[in-house]
Amino acid sequence: MFVRATGARHRIGYSYYQYPFLYNHLLLSASDFWKREKTHSAEQQLALVGFVGVPVDDRLKCHLSVTADALLSIEGKLTEFGVPGPEPAIALIHPSTAFFTKRWPAENFARTAEFLTGKGFKIVAVGSRNESKVLDDLKLVSTAPITTFDDLTLPEITALASKARIFVGNDSGIAHIAAAVGTPSVVIFGSSNRDHWRPWTDAPNEIVFNEFACQPCPGYECKEFGEPRCILSISTDSVAESVERVLGYPGLPEAAG
């Protein structure tokens, strides 16, 4: 409705939209544009403008700018909580998600935090106010020291991600922020569509998953097993191996042991 209300001469959309008559340029599907079945969410958006002649073959990766104010603020908070400068080797963890079918257990993130601490990293975990219990649980079950924040603004999270040497977390918005600032990433997938939502970045990254016939699913519940085995079955060893490969990418600096 808003698109039509703009009065724009060219209104571009997909033919499966709820009100396709409001558009005057309709694309059948992103798969039709790219000539392959599986496409990333970013490619689905690019296909719309590519459909009307804008060059998109370079598939530009996403990018977020880090503001000077946010960087100054997060550096101050890190120092306040004992993560000193000038360049600490930070591993950023996001242990929560909106859906339980996408949430790797806090105990597993604790083992991963211990593994990263053994490699010389200082562990910082983030979440929202609603995710503070997950952060508390993570600290409770980990023998590694973990600094947690549940009150950062999005610009501050972006600045923090830019300072991290690696991100490890569930498929979430924080994972996409890390990808958009070029932070090497290991993202753990459960119920969601990994073809659509894997990191859209040129930075080193891996996704960790166990394949199930019921994937992907809406994620509100696990109709197949009653519990989300897709995410619960992923081992800490699998994540550690991905972390090792991402950290071993040529050109990445090592953490201080």
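Cys 222 is buried, because its relative accessible area is 16%, and a residue counts as buried under 20%. Cys 214, by contrast, is partly exposed, with a relative accessible area of 31%. In this predicted model, the sulfur of Cys 214 has its closest cysteine sulfur in Cys 222, at 6.0 Å, which is too far for a bond. Cys 222 likewise takes part in no disulfide, and the nearest cysteine sulfur to it, that of Cys 214, lies 6.0 Å away. The reasoning rests on a cut-off: a disulfide requires a pair of cysteine sulfur atoms within 2.5 Å. The structure as a whole holds 0 disulfides. A disulfide, in general terms, is a covalent bond between the sulfur atoms of two cysteines.

The surrounding chain can be described next. The protein chain has 11 helices and 8 strands. Its radius of gyration is 20 Å, which agrees with the value near 18 Å that a compact globule of 257 residues would have. The C-alpha trace spans about 60 × 45 × 35 Å along its principal axes. Of the 257 residues, 44% are buried. Where contacts join residues at least 6 apart in sequence, 59% of them link residues at least 24 apart. The chain exposes about 13500 Å², and carbon and sulfur atoms supply 54% of that area. The chain carries 24 positive and 29 negative charges, and the mean positions of the two sets are 5 Å apart.

Several elements show how the interior is arranged. Helix H7 (residues 154-163) is largely enclosed by the rest of the structure, because 7 of its 10 residues are buried. These are Glu 156, Ile 157, Thr 158, Ala 159, Leu 160, Ala 161 and Lys 163. They pack against helices H4 (68-80) and H8 (173-180) as well as strands S3 (90-94), S4 (122-126) and S6 (164-170).

Ile 188, in strand S7 (residues 185-188), is buried, with a relative accessible area of 0%. Apart from neighbours within four places in sequence, Ile 188 is in contact with residues including Trp 104, Phe 109, Val 168, Val 208, Ile 231, Ile 234 and Val 239. The C-alpha atoms of Ile 188 and Arg 103 are separated by 8.5 Å, although the two residues are 85 apart along the chain.

Within H3, Glu 43 is buried, with a relative accessible area of 5%. Beyond its neighbours within four places in sequence, Glu 43 is in contact with Trp 34, Arg 36, Arg 59 and Trp 200. Gly 53, which follows H3, has a positive phi, near 105°.

To return to the request: Cys 222 is buried, Cys 214 is partly exposed, and their sulfurs, 6.0 Å apart, are too far from each other for a bond.

Technical notes:
Residues are numbered from 1 along each chain as its sequence is written. This is a predicted model: local features need pLDDT of at least 70, side-chain atom pairs count only at pLDDT 80 or more; totals for chains, interfaces and linings use all residues. Side-chain values use heavy atoms; hydrogens and water are left out. Helices (H or I, at least four residues) and strands (E, at least two) are DSSP runs, numbered from the N terminus. The radius of gyration is taken over C-alpha atoms; the globule rule is 2.2 Å times the number of residues to the power 0.38. Buried means under 20% relative accessible area, exposed over 50%, partly exposed in between (1.4 Å probe, protein chains only). Contact means heavy atoms within 4.5 Å. Accessible areas come from the Shrake-Rupley method with a 1.4 Å probe; for residues, only the protein chains shown count as cover. Lys and Arg count as positive and Asp and Glu as negative; His and the chain ends are not counted. The place of a charge is taken as NZ of Lys, CZ of Arg, CG of Asp or CD of Glu.
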